[in-house]
Amino acid sequence: MISRRKFLTQAATAAAGFTILPRFVLGGKGFIAPSDTLYIAGVGVGGKGKSDLTGFAKNPKAKIAFLCDVDDRQAGESVKNFPDAKYYKNFRELLDKEEKNIDAVSVSTPDHTHAVIAMAAMSRKKHVYVQKPLTHDIYEARLLTEAAKKYQVVTQMGNQYASADHVRTAKEWVDAGLIGNITRVQTWTNRPVWPQGIPKPTGKFDIPKELDWDLWLGPTPYLDFNPAYLPFNWRGWWQFGTGALGDMACHIMDAAFRILPIDFPTEVECSTTTAWEDFFKVANYADACPSSSIIHLKFPRKDGKGDIKFTWMDGGLLPERPEELLPDEPLGDSAGGYIFFGTKGKLMGNYATPPVLLPTSRMKDVALPKQSIPRIAGAENGHYTEWVDACLAGYGKKQLSSPFEYAGPMTEAVLMGNLAVRSYQLQVVSAGGGKSYPGRKKLLWDAKNMKITNFEEANAFVKRDYREGWSL
Amino acid sequence: MISRRKFIAQAGTAATAFTILPRFVLGGKGFVAPSDMLYIAGIGAGGKGTSDLAEMAKSPKVKIIALCDVDDRQAVESRKNFPQAKYYKDFRIMMEKEEKGMDACTVSTPDHTHAVAAMAAITRGKHVYVQKPLTHDIDEARMLTQAARQYKVVTQMGNQGGSGDDVRKMKEWYNAGLIGEVTKVVCWTNRPVWPQGVQTPTGKFDIPKELDWNLWTGTAKKIEYNPAYLPFNWRGWWSFGTGALGDMACHIMDPVFRILPIDYPTEVECSLSTIWNGVFSESHYDESCPVSSIVHFKYPGKEGKPDIELTWMDGGLLPKRPNELLADEPMGNWDGGVIFEGTKGKIMADCYGENPRLLPTKLMKEISFPAPSLPRVPEGHYLQWVNACFKGYGNAVTSSNFDYAGPFTESVLMGNLAIRSYNLRQERKGGETNYPGRKKLLWNAKNMKITNFDEANQFVKREYSSGWSI
């Protein structure tokens, strides 16, 4: 089998007048690729990036052609997995130099660099697969969603369980009316499973030689290197991560977004577990995501049938057990779960756990509907190859489980939770030393204009300021 | 004015055949005291004890005759306030020595000593004022409640907000049907306002000479002295304290018990904020009360009323704002609050049931409220008890007598039982951790037994260290 790359190279060699056209130029609507290989560049190739790339590579039509990581230590395993792939440290250099040799880009960096990298790829008409949450900020999610349309690129957010069977089963049951009209959704996670609500790391450390710290910081303000942030713990710090919501809500809230006619919330409120430095001395760890939180969102149903009251809980906090659930029956699974409250019943599940009707005795008593929604080949593992196939087919040709038109609004809702948490954390110290928290109220959201209308300070969390030299 | 003590002393001198009878013997039903003085001994004289005694002493009819504290440093202020009061370190010795000279007793020690100290007083026929929560354990609360009836002593739990006007006003609103039948109540507090969910203190320390550590630990298991526990921080440790619930639920849940016809829950469940010491590395600080918790109780309806779901939240966690509350309106106050959800409306109030308002708050201008019908307690919580002690058992009402405060405290402690059950672990083969107590616990109040998780019953009644009994 001749690869597309070889084909083009050989063609170019054969005829000097022949211009080398990368696939993305040729691959417009209806165009059949000269080869059936998708050339993928992976940016952020450690951790989740590593498994994303092996996920794509399971599709024989995918070729992991380039690897990029600001930290050589993180890249080690992917370099071993894909020895042919050229390795870059700087994604901008990668895109500049290899633009013509890349069809698609996978972004599995820490949250704070998702948007700038994805946008750089999309504006070069590269298809993108971006890890969840799609972005760090609400504004970035909105922009990426618009860019996917503008540049006509095939997109997928990396919430792979969006391709799982369970959520489709749940949708079939809800669509069949088994629990009536849904008015309330409860979601929760056991995350964070790492310390949050803690003081900012201190100390002076040498930057490891394998790491380009300045690039790792990307668009965020400069900060002295501290090993406490990487490779994993950036998740719990607002400058880089998006906390428990960012980690898990794109999985756990997916069922609600996939099944219900909702997109943008109109209201959000929250509370968080207080951190104490000492007796009567409240800690102000506003740089850290909270140890646990409860978030309430209100979504108007797009079908006009009222509102959905939506609750998120994390850090070990659990919703009240539905009265239909027997005392000894498990609530959700170890990672969390969701409960849909309908006018005729309740449905409980999680992204990797099959749905059940409550009381669970209903599972024997009710005639469950036949399968009507197509399943994704390979279910959650098919999420990667589904995107590869869709990229090869071209924009608008194939349905995806989590394209940005879906994943963008969902990510915005997830990040609205963080906006509420950070508003809740805002502490104002009066001249007399008294502390007040002006953001501890119900925040009203104008989604169209991306604006909190009753607490101006909250809007600082819609869009953060990038460091000089960085833009979307 | 001649004091009762002097009167008795003089009488004794005058006629040697005259037997000195302490007031509690004379003061049966309908008996008019020979003097109008109440002789009080204070156990736990520092902190809340200082203010409790100072409040009692505002009555000219009260004399603080004895003070007891295991820590001289804690007793300093009260000893200054009451220089004539005899000072003891061991309440058992005080009880023996002062039995005849005292009418009543206040107990303001850490939670783990409430029951033994109060019981020692009650069984001697002394009226008691016991700080909240009434006890550390459910079993102790049940026993004190029964003992108060058996020994016919006047009792009051120190949740002083229970004598407030506002909770009575709220009850009048409820009785007038302003919010219909209540089916759901949520209470919350900002407590703990100190670190909880923390590692057990370590280190070796010399016991301060002013402190009798052995007496301080009392009924609790004997541990090495550590200054981290006192004078205040015992609150956050299960061996001694009762956490945020113990500190605040007796204030914030008081309106629930005062207004609604409920006593014992039938179900309880909870969840806690998890503590992590590293990535995927969970901390199990079993001796420390949790950093935050959510507890759900269910009470069967009584007197033809519907079942009631009661939710408790602490550590900064808040209930969902009621729809009727405007976006910018405050919910409760800094300490917390309570919201009653009725079939026809909602009432929200601050800590202690203060500042009740109907929701939406604009109703406060639109509705005509019922005239006050319930008696108020203008003399306040402390003097109400003082006055009731004079009148004798059964002759006067106290806001938080043990018939009320006992079942109420049991509910508060049921929350802690759920929390401690939630933390119980079983290590499975392969290193996986199982949490068998993370479910809905079913409570048989009559038999004081969790019926679907036997391990939970260890938290109904703890084992006292040797030498202690109730």
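Which residue of β11(A) does A:S271 stand opposite? In this predicted model, the residue of β11(A) that stands opposite A:S271 is A:I294. The two strands concerned, β8 (residues 267–272) and β11 (residues 293–300) of chain A, pair in the antiparallel sense over 6 bridges.

**The open sheet of chain A**

These strands belong to an open sheet of 9 strands with mixed pairing, whose order in chain A is β15-β14-β13-β7-β12-β11-β8-β18-β19. Its edges are formed by β15 (353–358) and β19 (451–452) of chain A, each of which pairs on one side only. Helix α14(A) packs on the sheet, where it touches β8, β11, β12 (307–313) and β18 (443–446) of chain A, and its direction makes about 55° with that of β8(A). Helix α8 (residues 165–175) of chain A lies across β7 (182–189), β13 (336–342), β14 (346–350) and β15 of chain A, and runs at about 25° to β15(A).

Strand β1 (residues 38–43) of chain A is mostly covered, with 6 of its 6 residues buried. From β1(A), the residues A:L38, A:I40 and A:G42 point one way, while A:Y39, A:A41 and A:V43 point the other way, and all are buried.

| Partner of β1(A) | Bridges and sense |
|---|---|
| β2 (residues 62–68) of chain A | 6 bridges, parallel |
| β4 (residues 104–107) of chain A | 4 bridges, parallel |

Within these pairings, A:G42 stands opposite A:L67 in β2(A), and A:A41 stands opposite A:V105 in β4(A). Together with helix α3 (residues 48–57) of chain A, the strands β1(A) and β2(A) make a right-handed β-α-β unit. In α3(A), the residues A:G49, A:K50, A:D52, A:L53, A:G55 and A:F56 are buried, and the buried residues of this helix pack against β1, β2, α4 (72–81), β4, β5 (127–130) and α13 (382–393) of chain A.

**Cores and the contact between chains**

The largest nonpolar core has 260 residues, and those with the most contacts inside it are B:I40 and B:L144. Helix α14 (residues 404–425) of chain A gives the most to this core, with 12 residues. Leaving aside neighbours within four places in sequence, the contacts of B:I40 include B:M56, B:V62, B:I64, B:M102 and B:C105.

The contact between the chains takes 31 residues from chain A and 31 residues from chain B. On the side of chain B that touches chain A, the elements giving two or more residues are β8 (267–272), β9 (276–278) and β11 (293–299) of chain B. The residues of that side divide into 14 nonpolar, 11 polar and 6 charged.

**Backbone features in the loops**

The peptide bond from B:K132 to B:P133 is cis, with omega near -10°, and B:P133 has its place in the loop between β5 (127–130) and α7 (138–150) of chain B. Another cis peptide bond joins B:L230 and B:P231, with omega about 10°, and B:P231 is in the loop between α9 (213–217) and α10 (243–252) of chain B.

A:Q152, in the loop between α7 (138–150) and β6 (155–157) of chain A, is a residue other than glycine with a positive phi, near 55°. A:Q152 counts as partly exposed because it has 16 C-beta neighbours inside 10 Å. Phi of B:E303, also a residue other than glycine, is positive and near 55°; B:E303 lies in the loop between β11 and β12 (308–313) of chain B. With 7 other C-beta atoms within 10 Å, B:E303 is exposed.

Conventions: Residues are numbered from 1 along each chain as its sequence is written. Chains are lettered from A and ligands numbered from 1 in the order in which they are written. This is a predicted model: local features need pLDDT of at least 70, side-chain atom pairs count only at pLDDT 80 or more; totals for chains, interfaces and linings use all residues. Two residues are in contact if their C-beta atoms, placed from the backbone, lie within 7 Å. Ala, Val, Leu, Ile, Met, Phe, Trp, Tyr, Cys and Pro count as nonpolar, Asp, Glu, Lys and Arg as charged, and the others, Gly among them, as polar. A nonpolar core is a set of buried Ala, Val, Leu, Ile, Met, Phe, Trp, Tyr and Cys residues joined through C-beta atoms within 7 Å. A residue is buried if 20 or more other C-beta atoms lie within 10 Å of its own, exposed if 12 or fewer, and partly exposed in between; C-beta atoms are placed from the backbone. Two strands pair if DSSP finds at least two bridges between them. Axes are lines fitted to C-alpha atoms, for helices over the stretch in contact, and angles run from 0 to 180 degrees between N-to-C directions. A crossover is right-handed if, with the strands pointing away from the viewer, the path from the first strand over the helix to the second runs clockwise.
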